[in-house]
Amino acid sequence: MKFFIDTANLSQIKEAYELGILDGVTTNPSLMAKEGIKSEEGVLKHYETICEIVDGDVSAEVISTDFAGMVEEGKKLAAIHPNIVVKVPMIKDGVKALKWFTDNGIKTNCTLVFSAGQAILAAKAGATYVSPFIGRIDDSSWDGVELIGQIAQIYTLQGFNTQILAASIRNALHIVRCAEAGADVCTCPLDSILGLLKHPLTDLGLAKFLEDANKMKAQMTVA
Ligand code: G3P
């Protein structure tokens, strides 16, 4: 399973990349807005900077909702860097745009996916990635990870090549459960990635090893 970071924050992207386990980045308009970018040029420049930091796919979302607008925006985004993946919402014109980008060799990420039916449409349109939002499904009292498993089963059975990109990850357990359910990629906030590190027995065990190593060192000095 690949690890993407779900943020537009450059220092968090650098921190995750320096860990050596980062395969890509996803952003969305809300995450871009959080970074205080003020112009269209600023947005394009920000994506370029992300592509310079990370060697991997970087999802950049269109904000048009009509076919022509999405195609025009997507072409501009794709021209920034070969690693740009055009992120398109799961709406009627979005499906048409996904097909257009597929036919024109531009990678896509179909976003705002909340059902298996939507995931089938995205795959039929040739999306490179499909992004089910598991945290937001959990928020509405359904099990988001179950959807990952259902899509994985359908894609395997039907031979679809679209990669399942589990999005709206809220914690480390989501990442583990998505891996079990067959996600190809998890896109996560930095805290959830770092949450995978944590176990009290690791901390206790390391403290004991260091204590014993220090005792041994002290004895060596005396001898
Ligand atoms: O990639 C989509 C993701 O950013 C949505 O996450 O936490 O806003 O539901 P969240």
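**Helix packing and pockets**

Tutor: In this predicted model, Val145, Ile148, Gly149 and Ala152 of H8 meet His174, Arg177, Cys178 and Ala181 of H9. By class, this contact of H8 with H9 comprises five nonpolar, two polar and one charged residues.

Student: How are H8 and H9 oriented to each other, roughly parallel or roughly antiparallel?

Tutor: Helix H8 spans residues 144–158 and helix H9 residues 172–181, and their axes lie 9 Å apart. The angle at which H8 and H9 pack is about 20 degrees. Angles under 35 degrees count as roughly parallel. H8 and H9 are therefore roughly parallel.

Student: Which hand does the crossing of H8 and H9 have, left or right?

Tutor: The two helices pack at an angle of about 20 degrees. The crossing of H8 and H9 is right-handed.

Student: Which helix supplies the largest share of the lining of the largest pocket?

Tutor: The largest pocket has a volume of about 290 Å³. Of its 13 lining residues, Glu40, Val43, Glu61, Ile63 and Glu73 are the closest to the centre. Helices H2 (29–34), H3 (40–53) and H4 (67–78) each contribute at least two residues to this lining. The largest share, four residues, comes from H3.

Student: How many charged residues are in the lining of the second largest pocket?

Tutor: The second largest pocket holds about 220 Å³ of space. Among the 17 residues that line this pocket, Asp6, Asn28, Leu31, Arg136 and Ser168 are the closest to its centre. By class, the lining of the second largest pocket has six nonpolar and seven polar residues, and the charged residues number four.

Technical notes. Residues are numbered from 1 along each chain as its sequence is written. This is a predicted model: local features need pLDDT of at least 70, side-chain atom pairs count only at pLDDT 80 or more; totals for chains, interfaces and linings use all residues. Side-chain values use heavy atoms; hydrogens and water are left out. Axes are lines fitted to C-alpha atoms, for helices over the stretch in contact, and angles run from 0 to 180 degrees between N-to-C directions. Angles under 35 degrees count as roughly parallel, over 145 as roughly antiparallel, 65 to 115 as roughly perpendicular and the rest as oblique. A crossing is left-handed if the near helix is turned anticlockwise from the far one by less than a right angle, and right-handed if clockwise. Contact means heavy atoms within 4.5 Å. Ala, Val, Leu, Ile, Met, Phe, Trp, Tyr, Cys and Pro count as nonpolar, Asp, Glu, Lys and Arg as charged, and the others, Gly among them, as polar. On a 1 Å grid over the protein atoms alone, a cavity is a set of points where a 1.4 Å probe fits but cannot get out, and a pocket is an open set with protein on both sides within 12 Å along at least five of seven lines; lining residues have an atom within 4 Å of a point. Grid points are joined across faces, edges and corners, and a volume is the space filled by probe spheres set on the points.
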